[in-house]
Amino acid sequence: MRKFHQNRPSIYPFDPWKVVETEFKAEYNHRNESIFSLGNGYMGLRGTFEEGLPEHIPSTPGTYINGIYETEPIIYGEFMARQPSEYQSMINITDWKGLKILVDSEELSMFSGVVEDYSRTLDLKEGVLEREFVWTSPKGRCLKIVFERFISHANQHLAFLRCSVTPLNFSGTITLRSTVDGAVRNYHHLREPALKIVSTKLTNESGVLISRTKNSGISVGCAVTHTAKPATSIMGSSSPHGLNFLARFQAKAEETITLEKFIAVGSSREVAEEQLGNFLERLVGRCAEQGYARGRKDHVEFLRKYWEDTDVEIEGDLALQQGMRFNALQLLHSTGRDGRTNVAAKGLSGEYYEGHYFWDTETYIIPFFLYSQPGLVRKLLEYRYSILDAARLNARRMRDQGALYSWRTINGHEASGNFLGSTVQYHINAAVAYSIHKYIEATEDLDFLAEMGAEILFETARCWAHRGVFLESRGGKYCINEVCGPDEYKPGVNNNCYTNYMAKFNLETALRARDILMKDYPEEFTRLIKRLNLDEAEFALWQKCADQMYLPFNAKLGIHPQDDSFVDKDPIDIDSIPQDEIPLVANWHPLVIWRYQLIKQADVILLMFLLGDQFTIEEKRANFDYYEPKTTHDSSLSPAIYSIIAAELGYEEFAYNYFLQTVRLDLDDYNRNAWQGLHTACMASSWMGVVNGFAGMRTFRGVLNFKPFLPEKWQSYSFKVKFKGAQLDVKVTSKHTSYTLLQGDSCLFFHFTQPVTLSRGETVRKENTNA
């Protein structure tokens, strides 16, 4: 089995509910911009300083709205037919956080004077970022400075910023200059600035700035207002680049002055451009009237309820406890909740991957939210329904029928110019279908199936039934050629095992949906099949394709071959590959990678997890033992899946070591690329590592199962699970697991092979064995 490399040393002090930077060092600034990012699923802000930084300091300032993008033509070196023509890139929008501090002619800078007692704290429980320090200016004036900001989870359009300054050894004039910068640009991907200011409006303490993208035609607005304590006049002005507000205080030694900044952000996606400014101006005005404390209270209350359902408690490892909570908060920061947006690969913490949505959502992030925030999952699936027409167009582009979801997208259209890393991955269709199945299984929300889910299932099934071929050379089995499974190091292969199994599952799930609609929603079913022009002959074809699907198995090796050619590729000892050549995708030519028996990320092993009820424990062991030494884990999506299957097989040390590679990937900057943005899918997979791995939770055929054990370094762990209207509290110790029914009249589940039924408020304690 694979040798494990040492985990990175910790960067931040261990704390169960906080991430704290105890010293400012310019060389770590870029990384910390991602770690201290904020968001609410609609809007995100990187952890850049309010007063700004000198240009020579590596920095990627970023303020984003989920799903707001600019387009640019994709430039190809050579012509290829039917390639995507436009990029979509999430744009850096109006920068509203600017706030400078001036003492006469001296301006606050972390690079002048002396900075002492510095700390920057992300409060995980409350979702609030605070920076506090004492600054002595070059002329010897000493000030205590506290910045606090948060993006409201109670209202998607609102953000709050507060600056408090206390002169410690002098009295005099202190000026706080608040800015709204419209002259923003993207730092990666886009060749030209995306936004152009189209209008501004200004009063003394308030202002509105409206911008519009040049190509996609989306308008973005930002309104701000301020309050000063003690009261002082605030003077506003505008420039070609944005808005400025000056608040001058006659400050006395040891007395604190405060400027509160209220921000409202929106786009023409929600409100027409001609009404956007007035909408935001009214919203921010009401926000200021209610006050900063009220806004903070509403925000914190939202998070209190979130943690009540979502928190995973670990006793015995403070580092992992901190990592789990950091991941859970940042996932909430990143996840769209409006049915029109999704979760980008880097969330709302950075520009990399251009704000694109991938299969990551369905395979990793939806499982995280499904058992604690099922209503949010429905919204993520509604997004997939909203882009179904674009998926139909994508299928036509590929001469297929039905719908083919784009691999990288914001607006539903394929945004990748590299088809070998995008369009070839047809398995995204099955990921969407699988997530619909798991959502309905966990929630029994058949209305969603009737309103949206069945149509997605039917159109993706249509694609699979057209995409393959019944081959005589394979005994008349249904084969799917020229695809790529989750292992992106093997594109353009025939009969990828994961793809074929998942396509079969997609087809069968569509047929089950047909049966449910015929029985429970006959009118909706009749309308749907008429609109889609479906008939019994097509349903029969789906059944035939599913029944005759070619499912690879190598009897000699006792494994499921990843594809038709994998076992015949050149062997290689991946532990012999120099570490400075990892990841291979950045260092080896693709043709070199493709010829070897090496795997970027869990492929067949992911199949063993998702459809685990279709494989014996012996098959899982044989596949794990075969593929694990061949997997480089060059994708952060991979270690958690190997951890889960290792746990199921009793390889507890391997399960734990793989888990460690997920939970603090960003906090410890394991891959030295956290500056680009956070790894949202990996964050979600850390939850999977605990719940699906160590607790052995599975839901197959509508039945909830647990097979828990306790990692030897822990004292206990606990979490909550919502399933079919019930909510279970699960606590695992070294010898026993306790289950308490918190919500619902009753709940049936299995502890190992033992059926357990609980009534509301009842607790049962079971030994961690199959006895």
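The legends below describe several close-up views of one predicted model. In this predicted model, local features need pLDDT of at least 70 and side-chain atom pairs count only at pLDDT 80 or more, while totals for chains, interfaces and linings use all residues. Residues are numbered from 1 along each chain as its sequence is written, and side-chain values use heavy atoms, with hydrogens and water left out.

View 1. Helix α11 spans residues 522–532, where helices (H or I, at least four residues) and strands (E, at least two) are DSSP runs numbered from the N terminus. Its buried residues are Phe525, Leu528 and Leu532; buried means under 20% relative accessible area, exposed over 50%, and partly exposed in between, with a 1.4 Å probe and protein chains only. An α-helix has 3.6 residues a turn, so residues three or four places apart point the same way. On the other side of α11, the exposed residues are Glu523, Arg527, Lys530 and Arg531. The cover over the buried residues includes α7 (388–397), α9 (446–467), α10 (497–520) and α12 (536–547). Just after α11, Asn533 takes a positive phi of about 60 degrees.

**View 2. Gln562 in a loop.** Gln562 is placed in the loop between α12 and α13 (590–594), and it is buried, with a relative accessible area of 1%. Leaving aside neighbours within four places in sequence, Gln562 has contacts (heavy atoms within 4.5 Å) that include Asp487, Lys490, Asn495, Ile599, Asp603 and Tyr627. From C-alpha to C-alpha, Gln562 and Thr499 are 9.5 Å apart in space, although 63 residues apart in sequence.

**View 3. Aromatic pairs.** The whole structure holds 48 aromatic pairs, counted where the rings of Phe, Tyr and Trp (its six-membered ring) have centres within 6.5 Å; planes under 30 degrees apart count as stacked, over 60 as edge-to-face and the rest as tilted. The rings of Phe368 and Phe369 have centres 4.7 Å apart and planes at 75 degrees, so this pair is edge-to-face. Phe368 is buried at 3% relative accessibility, and Phe369 is buried at 0%. The rings of Phe659 and Phe694 are also edge-to-face, because their centres are 5.1 Å apart and their planes stand at 70 degrees. Phe659 lies in helix α17 and Phe694 in helix α18, so the pair ties together parts that are 35 residues apart in sequence. Both Phe659 and Phe694 are buried, and they belong to one aromatic cluster whose members include Tyr656, Phe706, Trp714 and Tyr739.

**View 4. The largest cavity.** This cavity holds about 210 Å³ of space. On a 1 Å grid over the protein atoms alone, a cavity is a set of points where a 1.4 Å probe fits but cannot get out, and lining residues have an atom within 4 Å of a point; grid points are joined across faces, edges and corners, and a volume is the space filled by probe spheres set on the points. Of the 17 residues that line the largest cavity, Pro367, Tyr371, Tyr434, Lys438 and Phe609 are the closest to its centre. Helix α5 gives the largest share of the lining, 5 residues.

Key:
On a 1 Å grid over the protein atoms alone, a cavity is a set of points where a 1.4 Å probe fits but cannot get out, and a pocket is an open set with protein on both sides within 12 Å along at least five of seven lines; lining residues have an atom within 4 Å of a point.
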